[in-house]
Number of protein chains: 2
Amino acid sequence: METVNHSTAEDIAVKILLKSWTTQVARITDIVTSLSDNDLQKEIAPGKNTGIYILGHMVAVHDAMLPLLGFGSKLYPQLEQIFITSPDKAGHSFPPASDLRKYWSEINDLLLQHYTKFDFEAWLTRHEAVSPEDFVKEPHRNKLNVLISRTTHMSYHHGQLVLLKSKIQD
Amino acid sequence: METVNHSTAEDIAVKILLKSWTTQVARITDIVTSLSDNDLQKEIAPGKNTGIYILGHMVAVHDAMLPLLGFGSKLYPQLEQIFITSPDKAGHSFPPASDLRKYWSEINDLLLQHYTKFDFEAWLTRHEAVSPEDFVKEPHRNKLNVLISRTTHMSYHHGQLVLLKSKIQD
């Protein structure tokens with residue numbers, strides 16, 4: 001009974017965390033598909049990041065989750081330099097918005113395929129940026145931590161993209 | 001051994017979730033204490049919400065977590081009408097920013113005192129907005145769900161407040 005109860009509670013916790021992730025992904029997807037390519041070129045506030053930079057940034061961050069979580073190599077490693085290492089307006093030319101939207105869906109679909117195979121114990125295993133030795137001392141540096149931090153990261157940028165959306169609707 | 005491993009993994013998961021919460025609280029606290037009362041009156045983007053409305057909104061949302069998580073009554077129930085039911089610029093007069101900053105710290109300190117008494121199992125129990133009957137069918141409507149959704153909610157508004165901060169630093 002004890003084991004069954006634990007497993008049930010753990011399954012529920014995993015389900016809630018995945019729901020939080022997929023909800024944030026869906027919110028970003030809704031916004032970036034409702035904005036035209038031209039709309040995405042606009043700044044979320046005067047002098048601040050453009051919509052397309054934020055979209056590219058999230059694509060690059062999620063692409064980097066593939067190796068970090070042990071799911072394989074990045075699909076679009078060239079995006080790191082443009083959207084993570086460099087700020088907006090650093091002089092890089094960006095891929096077309098239509099490509100970034102496609103990458104966004106492709107990478108998130110792939111992540112979710114892997115997520116659904118993970119039980120609670122699997123989420124608690126180390127991520128690839130920490131060595132097995134360090135993980136013994138720092139067991140919180142696990143895949144669950146990556147999932148949660150990337151979920152709040154999406155929410156942060158969602159709060160910004162929504163400004164761009166309502167700006168255009170005005 | 002099985003029980004010990006489960007408990008350890010569950011403790012780590014709880015620790016990660018609380019760290020995510022306290023990190024978001026600290027980020028919001030840092031911004032709203034670094035902005036002057038006058039700065040907080042400004043809009044995050046032209047025609048959008050003011051900093052003080054967003055601060056008041058988060059105070060009211062966290063205050064409502066006290067009864068929702070079974071920790072007691074709201075401390076400032078009068079804030080709901082101003083900062084949750086009504087949008088910004090609806091004609092309500094707001095409490096001074098200095099009061100809202102104080103409420104923010106007070107409520108988050110109180111929430112954290114309760115959080116630290118909760119183990120994994122306690123987080124999985126139902127929140128007060130769901131009946132015991134419905135909870136049997138919908139076990140994800142638990143306190144953990146509230147914690148996670150309010151964490152992403154903070155991150156959403158953090159992404160907006162940071163625009164106000166950099167605006168003033170320009």
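**Figure 1. B:K137 and its salt-bridge partner in this predicted model.** At 65% relative accessibility, B:K137 is exposed. Its partner is B:D134, and the closest N and O atoms of the two are 3.5 Å apart. B:D134 has a relative accessible area of 30%, so B:D134 counts as partly exposed. Both residues sit in helix α7 of chain B, which spans residues 132-137. They are three residues apart there, which means that about one helical turn separates them.

**Figure 2. A salt bridge between B:E80 and B:K74.** The two side chains meet with N and O 2.5 Å apart. B:E80 is partly exposed, at 35% relative accessible area. B:K74 also counts as partly exposed, with a relative accessibility of 25%. Side chains of opposite charge can pair when their charged atoms come close.

**Figure 3. A:R101 and A:D37 join two helices of chain A.** The closest N and O atoms of this salt bridge lie 2.8 Å apart. A:R101 belongs to helix α5, residues 97-115, while A:D37 belongs to helix α2, residues 37-40. The pair therefore ties together parts that are 64 residues apart in sequence. Over all chains, the count comes to 12 salt bridges.

**Figure 4. The surroundings of A:H157.** A:H157 is placed in helix α8 of chain A. Is this residue buried or exposed? Its relative accessible area is 8%, under the 20% limit, so A:H157 is buried. Setting aside neighbours within four places in sequence, A:H157 is in contact with A:I54, A:H57 and A:M58.

**Figure 5. The interface of chain A and chain B.** Chain A brings 38 residues to the contact, and chain B brings 38 residues. The area buried between the chains is about 3000 Å². Carbon and sulfur atoms give 71% of that area. How many salt bridges are there between chain A and chain B? The count is zero. Six residue pairs are in polar contact across the interface, both residues of each pair being at pLDDT 80 or more.

**Figure 6. The side of chain A that touches chain B.** Three helices of chain A each supply at least two residues to this side: α1 (2-34), α6 (120-123) and α8 (143-169). The largest share comes from α8(A), with 15 residues. By type, the residues of this side divide into 16 nonpolar, 16 polar and six charged.

Technical notes: Residues numbered from 1 in each chain as written. Chains lettered and ligands numbered in written order. Predicted model: local features only at pLDDT ≥ 70, side-chain atom pairs only at ≥ 80, totals over all residues. Heavy atoms only, no water. Contact = heavy atoms within 4.5 Å. Buried area = accessible area lost by both parts, 1.4 Å probe. Salt bridge = Lys/Arg side-chain N within 4 Å of Asp/Glu carboxyl O. Polar contact = N/O pair within 3.5 Å; in protein donor to acceptor, adjacent residues only side chain to side chain. Helix = DSSP H or I, 4+ residues; strand = E, 2+ residues; numbered from the N terminus. Nonpolar A, V, L, I, M, F, W, Y, C, P; charged D, E, K, R; others polar. Buried < 20%, exposed > 50% of the residue type's maximum accessible area, 1.4 Å probe, protein only.
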